[in-house]
Amino acid sequence: MKTILVTGGTGFIGANLCRRLIADGHRVICLDNNYTGSLENVQELQACPRFSFVKHDVIEPYDCPEKLDYIYNLACPASPPFYQGNRSIFTTKTCVFGIINMLELAKRDGARILQTSTSEVYGEPLVHPQPETYRGNVNPHGIRACYDEGKRCAESLMFDYHRHEGVDIRVIRIFNTYGPYMNPDDGRVVSNFICQALRGQDITIYGEGQQTRSFQYIDDLIEGMVRMMENEQGFTGPVNIGNPGEFTILQLAEQVLSKIPTTSKLVYRPLPGDDPTQRRPDITLADKELGWAPTINLDKGLDLTIAYFRRKLGL
Ligand SMILES: NC(=O)c1ccc[n+]([C@@H]2O[C@H](COP(=O)([O-])OP(=O)(O)OC[C@H]3O[C@@H](n4cnc5c(N)ncnc54)[C@H](O)[C@@H]3O)[C@@H](O)[C@H]2O)c1
């Protein structure tokens with residue numbers, strides 16, 4: 001049994017990761033300020049004596065009373081409406097001060113730390129699909145920069161603590177992920193389309209819907225995260241964890257509509273600034289180092305996610 005800190009533990013990915021780690025028999029400390037996460041997401045875990053919740057903001061140092069084996073650092077809003085605008089400075093502080101505070105904790109305890117970086121470090125990619133060796137094309141002063149550059153800076157801090165302080169680090173770059181415990185109203189495309197269709201609201205497409213994304217089901221991501229953390233070969237990454245199946249946003253909308261009988265129609269809105277036109281991971285490295293590849297395709301993943309939102313929304 002390992003003692004594991006999960007920051008951002010009441011969010012979408014965090015709630016799924018906490019469940020997996022508890023099921024694997026570990027002691028889990030779930031830390032969150034509940035900005036975009038919710039205690040409801042970890043409700044039934046609270047009955048388990050190996051699980052506890054700490055309300056804390058990672059911008060402030062955290063003096064954990066227990067000695068940690070692993071830290072999964074997830075704390076950071078991941079949906080543009082929640083990380084941009086008047087939250088943008090908070091987002092950069094969360095990425096940068098947050099990872100410094102967690103790296104200091106890892107150093108104190110000799111713990112292994114995994115950072116959830118993102119495909120956003122590739123910005124508007126000029127190489128397609130994106131291998132980890134591609135250094136990206138990010139606008140450093142656009143409206144997404146607080147997140148993209150915050151995550152890039154966090155990667156650089158991970159490697160500096162590894163080189164200079166000997167911290168055992170793991171960096172994964174997550175591509176667009178969806179599934180149960182997403183917030184129905186936080187503006188991410190898969191949950192948006194499903195919840196709009198279930199509620200009979202119009203489906204909002206930004207631009208002409210020709211931009212592409214690769215959608216990964218949450219269980220595949222969690223398996224990749226655990227394999228990366230438990231890898232004993234000292235593989236630091238960065239490594240892409242995503243599903244290489246590539247779809248236009250319009251194709252996604254049509255697939256959702258084919259699964260949910262609804263009166264919803266497609267409506268088109270202007271494309272937000274710096275929205276990437278294409279995204280697809282090259283996962284050769286994850287396969288080679290972790291023996292990992294996704295197993296759940298969009299069709300099956302959508303069925304599982306629609307079933308979750310039907311229960312959650314009572315529709
Ligand atoms: N979901 C994706 O497709 C995706 C893709 C790439 C990277 N990621 C990364 O994975 C991590 C989790 O993403 P998610 O999709 O679960 O998002 P989420 O918004 O559902 O979860 C983030 C969690 O972090 C918490 N949080 C935010 N700022 C905090 C702070 N300062 N202190 C403490 N807690 C804080 C939130 O309350 C929330 O519970 C994020 O770091 C995100 O950048 C996610």
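Analyst: Start with handedness. A crossing is left-handed if the near helix is turned anticlockwise from the far one by less than a right angle, and right-handed if clockwise. Helices (H or I, at least four residues) and strands (E, at least two) are DSSP runs, numbered from the N terminus. The model is predicted: local features need pLDDT of at least 70, side-chain atom pairs count only at pLDDT 80 or more, and totals for chains, interfaces and linings use all residues. Residues are numbered from 1 along each chain as its sequence is written.

User: What is the handedness of the crossing of helix 7 and helix 9?

Analyst: Helix 7 passes helix 9 in a right-handed crossing. The contact (C-beta atoms, placed from the backbone, within 7 Å) involves Gln255, Val256 and Lys259 of helix 7. Helix 9 brings Leu298, Leu302, Asp303 and Ile306.

User: Why are helix 7 and helix 9 called oblique to each other?

Analyst: Axes are lines fitted to C-alpha atoms, for helices over the stretch in contact, and angles run from 0 to 180 degrees between N-to-C directions. Under 35 degrees counts as roughly parallel, over 145 as roughly antiparallel, 65 to 115 as roughly perpendicular, and the rest as oblique. Helix 7 (residues 249-259) and helix 9 (residues 298-313) pack at about 55°, with axes 11 Å apart. Helix 7 and helix 9 are therefore oblique.

User: What makes helix 5 and helix 9 oblique?

Analyst: The axes of helix 5 (residues 189-199) and helix 9 cross at roughly 55° and come within 10 Å. Helix 5 and helix 9 are therefore oblique to each other. Val190, Ile194, Cys195 and Leu198 in helix 5 meet Thr305, Ile306, Phe309, Arg310 and Leu313 in helix 9. These contact residues divide into seven nonpolar, one polar and one charged. Here Ala, Val, Leu, Ile, Met, Phe, Trp, Tyr, Cys and Pro count as nonpolar, Asp, Glu, Lys and Arg as charged, and the others, Gly among them, as polar.

User: How many residues surround the ligand, and which are the closest?

Analyst: There are 27 residues around the ligand. A residue is near a molecule if its C-beta atom, placed from the backbone, lies within 6 Å of it. The closest are Gly8, Gly11, Gly37, Ala78 and Ile174. The shell divides into 11 nonpolar, 14 polar and two charged residues. Helix 1 gives the most, with three residues.

User: How does the span of helix 4 compare with the expected one?

Analyst: The expected span is 1.5 Å times one less than the number of residues. Helix 4 (residues 145-165) has 21 residues, and 30 Å is expected. Helix 4 reaches 28 Å from its first C-alpha to its last, close to that value. Gly166 follows helix 4, with a positive phi near 70°.

Technical notes: Contact = placed C-beta atoms within 7 Å.
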